[in-house]
Amino acid sequence: MAFNSILRKSGSFARALAVAGQLTKNNHVGHRTLICTAINHHKDSFVPKFHFSSVAAQKKPTSDENLLRVIQSEIECAQETDDHNAVEGVPSNFPFKIIDSPGQQTITLERMYQEEEIKVEVHMPDLVTGEGNNEDDDNESERASQSSIPLSINVYKKGGPYLEFNCVGYPDEIIIDSLSVKNPDLTEDQIAYEGPDFQDLDENLQKSFHRYLEIRGIKPSTTNFLHEYMINKDSKEYLVWLNKLKSFVQA
């Protein structure tokens with residue numbers, strides 16, 4: 001009886017593969033998904049199950065086993081959908097040295113410009129899906145519908161204060177959110193005056209500081225490359241993070 005049951009389930013499995021094969025014949029796109037779905041749907045019924053009453057045979061609680069299956073499924077999905085092995089080629093005219101430490105949320109850019117040392121901390125991009133309202137010409141509304149990348153830029157000279165810019169890079173545009181003069185000699189209980197909001201500065205002064213950053217390499221061509229670079233980094237870090245979760249649950 002048990003052998004006949006296995007034969008019946010084997011036939012069901014074969015039919016599932018046949019259906020998947022017919023579907024892939026008519027639709028070449030996603031054929032791996034169809035076959036994998038058929039196999040996964042019937043593999044549990046194809047393999048005979050043996051039940052043991054011994055408690056020792058249960059190595060992990062059911063909840064942990066379910067969690068591992070979900071994590072493994074997410075790992076496989078990330079491997080298939082994300083180009084985590086992509087190597088973003090650095091443009092020949094990219095002015096910065098990239099310091100990218102695995103496992104970190106940010107990367108650091110460094111360069112010398114004349115007698116100045118420039119350091120940029122680049123954060124993970126804020127991705128936006130969907131389309132904005134094309135009928136609305138307001139700049140704020142348009143930027144809200146675009147993906148962006150946050151930047152913290154420090155400009156140092158030999159000794160003394162340095163400039164700190166907090167910016168957001170959008171496609172073909174860089175917004176300066178704040179500008180302050182930092183004094184490294186101040187103690188913790190001293191609060192420095194950081195100036196007015198950048199948007200409240202004279203328009204000509206705002207434009208001049210945008211030009212100031214552009215000359216030092218902070219321009220749309222730079223931030224557009226960094227946007228793609230950080231998307232790839234996010235995919236890699238996510239996959240590593242998932243595998244760490246899996247290792248912890250399995251331990």
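Student: What should I know about the model before I start?

Tutor: It is predicted; local features need pLDDT of at least 70, side-chain atom pairs count only at pLDDT 80 or more, and totals for chains, interfaces and linings use all residues. Residues are numbered from 1 along each chain as its sequence is written, and side-chain values use heavy atoms, with hydrogens and water left out.

Student: Which order do the strands of the open sheet take?

Tutor: The six strands run β1-β2-β3-β4-β5-β6, with antiparallel pairing. Strands are DSSP E runs of at least two residues, helices H or I runs of at least four, numbered from the N terminus. Two strands pair if DSSP finds at least two bridges between them.

Student: Which are the edge strands?

Tutor: β1 (97-99) and β6, as each pairs on one side only.

Student: How many bridges join β5 and β6?

Tutor: Nine, in the antiparallel sense. Within β6, Ser 180 is the bridge partner of Glu 164.

Student: Which strands does α5 lie across?

Tutor: β2, β3, β4, β5 and β6, and α5 runs at about 95 degrees to β6. Axes are lines fitted to C-alpha atoms, for helices over the stretch in contact, and angles run from 0 to 180 degrees between N-to-C directions. α6 also packs on the sheet, touching β1 through to β6.

Student: New topic. Which residues touch the most other members of the largest nonpolar core?

Tutor: Val 120, Val 122, Ile 153, Phe 165 and Leu 226, out of 29 residues. A nonpolar core is a set of buried Ala, Val, Leu, Ile, Met, Phe, Trp, Tyr and Cys residues joined through side-chain atoms within 4.5 Å.

Student: Is Ile 176 buried or exposed?

Tutor: Buried, with a relative accessible area of 0%. The cut-offs are under 20% for buried, over 50% for exposed and partly exposed in between, with a 1.4 Å probe and protein chains only. Ile 176 is in strand β6. Its contacts (heavy atoms within 4.5 Å) include Phe 198, Phe 209 and Leu 213.

Student: Why is the pair of Phe 198 and Phe 209 edge-to-face?

Tutor: Because the ring planes are at 65 degrees, with centres 6.5 Å apart. Rings of Phe, Tyr and Trp (its six-membered ring) pair if their centres lie within 6.5 Å; planes under 30 degrees apart are stacked, over 60 edge-to-face, the rest tilted.

Student: Where do the two sit?

Tutor: Phe 198 is in the loop between β6 and α5, and Phe 209 in helix α5, so the pair ties together parts 11 residues apart in sequence.

Methods:
Lists of a residue's contacts leave out its neighbours within four places in sequence.
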